Amino acid sequence: MKKIGKVKRLFTALVACIMIFGMVGVTGCNSSSSSKNDGKTITIWATGSDNVRQIYEKLVEDFNENSEYAGQYTAKLQFMLSGTGTQSLSDMLASAYKAKQKDTDYDLVDLSGDDLSKVISQIGEDAFVKLDDSKIPNAEGVSAESTIATDYVQPYRGTTVVLAYDSEKVTNPPKTWDELTQWIKDNPGRFAYNAPGTGGAGDSFARTAVYNYLPDEAMTSDDTKWEDQWDEGFDYLKELNEDMYTSGGSIVYPNKNQGTLDLLNQGEIDMCPNWADMVLSQKAEGTLKDTIKITQIEPALTGSLQSLAIPKFGSNEKGAYAFIDYMLSDEAQEIMVQDMAAIPLVNTDNINMKGFEEIKNLDVSKFRIMSIGDLSTDFNQRWDSEIGASK
């Protein structure tokens, strides 16, 4: 009986380990708890869509085989596809910190936007290493700064939502938000944005529309007091509702960023908000018409600076610094430009920009960064009930 009980306990522990493995995609049952590091291995944690995973795999391979740090360090990737699993990366980091874990494999983490705001609000800046610029030589020419935890995170690429339009049909695209509003009213049914919560482009359009009525400080705050000031912006969105794209006599808010881009490519609409990198990469692939172009308006739609941070509870700070420095090298920046149309944060003189020349017109210093943490959930719920449900 004792032997059976021992086997049963062992089986239960094994099942628990497998369940944890399935949830977070780690390499072992306790990979994010205390572990020994050989001083060479750097574990990078990142999250996002599958195209981000593919880029990271290529960057990790290049770091390990071709960079100035090849042979000195070996990078390993732990990637969490967005929208999967029971915990977000920010939640996992917060849990590890609150549990007072040390020497974990959270050597370097990739955070931006709401995730960055959320983890800072949960555990504060002091959970991360205050970065020493002297250990990141390639950051010398980078002027872009995060609006949150500025001294604790290093931006390495930019992206922003822009207006994508068919230049055959729109010969004089809007330059300001007021001009865009008038264009939508003058061209009913020819504009669409995807439902917030299904993709960042729709999130950006709806949030920017609302936050244009609020002080700048609100755009990087998760204070619930701002919810009381959303009314004017939501009234604006309701006013636009009747001029949105329709199908079968009903207003349609497409699903995901790709939904609006497909409508634009098919000629169903003439303009939509979308990610600059998404539009440009699909043009380079030949899946979007050559007549589709991008432009930014004033006040701008929101963008994002993707940033890297070193948790204090990781186990290879020196290696983490090396990977950050690599990500700001011309070689890494060119990979990101050519493979995902990322907006480089370094001087582009030594980067092959062929096919992505439009990126040069996007000034990172003028990006409007929005990071409202958990308020995004309340925002999307209100949009669903007041805008989405009224279609």
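The second largest cavity holds about 40 Å³ of space. A cavity here is a set of points, on a 1 Å grid over the protein atoms alone, where a 1.4 Å probe fits but cannot get out. The points are joined across faces, edges and corners, and the volume is the space filled by probe spheres set on them. The model is a predicted one, so local features need pLDDT of at least 70 and side-chain atom pairs count only at pLDDT 80 or more, while totals for chains, interfaces and linings use all residues. Residues are numbered from 1 along each chain as its sequence is written, and side-chain values use heavy atoms, with hydrogens and water left out.

So what sits around that second largest cavity? Its lining consists of Val 52, Ile 55, Tyr 56, Leu 59, Tyr 156, Arg 157, Met 327, Met 336 and Met 340, where a lining residue has an atom within 4 Å of a point. Helix 2 (50-65), strand 4 (153-166) and helix 11 (330-340) each put in at least two residues, and helix 2 has the largest share, with four. Helices (H or I, at least four residues) and strands (E, at least two) are DSSP runs, numbered from the N terminus. Sorted by class, this lining has eight nonpolar residues, no polar ones and one charged one. In this sorting, Ala, Val, Leu, Ile, Met, Phe, Trp, Tyr, Cys and Pro count as nonpolar, Asp, Glu, Lys and Arg as charged, and the others, Gly among them, as polar.

Counting cavities of 30 Å³ or more gives two. The largest cavity has a volume of about 90 Å³, and helix 4 (113-123) and strand 9 (302-309) are the elements that give two or more residues to its lining. Strand 9 gives the most, three residues. Among the residues lining the largest cavity are Ser 112, Gly 113, Leu 116, Glu 145, Ser 304, Leu 305 and Ser 307. By class, the lining of the largest cavity comes to four nonpolar, seven polar and one charged residues.

Zooming out, the chain has 12 helices and 10 strands. Of its 391 residues, 53% are buried (buried is under 20% relative accessible area, exposed over 50%, partly exposed in between, with a 1.4 Å probe and protein chains only). The chain exposes about 18200 Å², and carbon and sulfur atoms supply 46% of that; the areas come from the Shrake-Rupley method with a 1.4 Å probe. Among contacts (heavy atoms within 4.5 Å) with a separation of 6 or more, 76% are between residues 24 or more positions apart.

Now for the inside. In soluble globular proteins, nonpolar side chains tend to be buried together. The largest nonpolar core in this chain has 105 residues, and Phe 191, Tyr 193, Tyr 211, Leu 237 and Phe 323 have the most contacts inside it. Such a core is a set of buried Ala, Val, Leu, Ile, Met, Phe, Trp, Tyr and Cys residues joined through side-chain atoms within 4.5 Å. A second, separate core has 22 residues, including Leu 93, Ala 96, Val 119 and Ala 127.

Ile 294 belongs to strand 8 and counts as buried, at 11% relative accessibility. Beyond its neighbours within four places in sequence, Ile 294 is in contact with residues including Val 162, Ala 164, Val 279, Glu 358 and Leu 362. Ile 294 and Leu 362 are 68 residues apart in sequence, yet their C-alpha atoms are 9.9 Å apart in space.

A few spots in the backbone stand out. Most residues other than glycine have a negative phi, and most peptide bonds are trans. The bond from Glu 298 to Pro 299 is cis, with omega near -5°, and Pro 299 is in the loop between strand 8 (292-295) and strand 9. Asp 103 has a positive phi, near 50°, and sits in the loop between helix 3 (89-98) and strand 3 (108-111). Asp 103 is partly exposed, with a relative accessible area of 41%. Lys 256, in helix 8 (residues 256-265), also has a positive phi, about 70°, and is partly exposed at 47%. Lys 100, which follows helix 3, has a positive phi near 60°.

Definitions and conventions: On a 1 Å grid over the protein atoms alone, a cavity is a set of points where a 1.4 Å probe fits but cannot get out, and a pocket is an open set with protein on both sides within 12 Å along at least five of seven lines; lining residues have an atom within 4 Å of a point.
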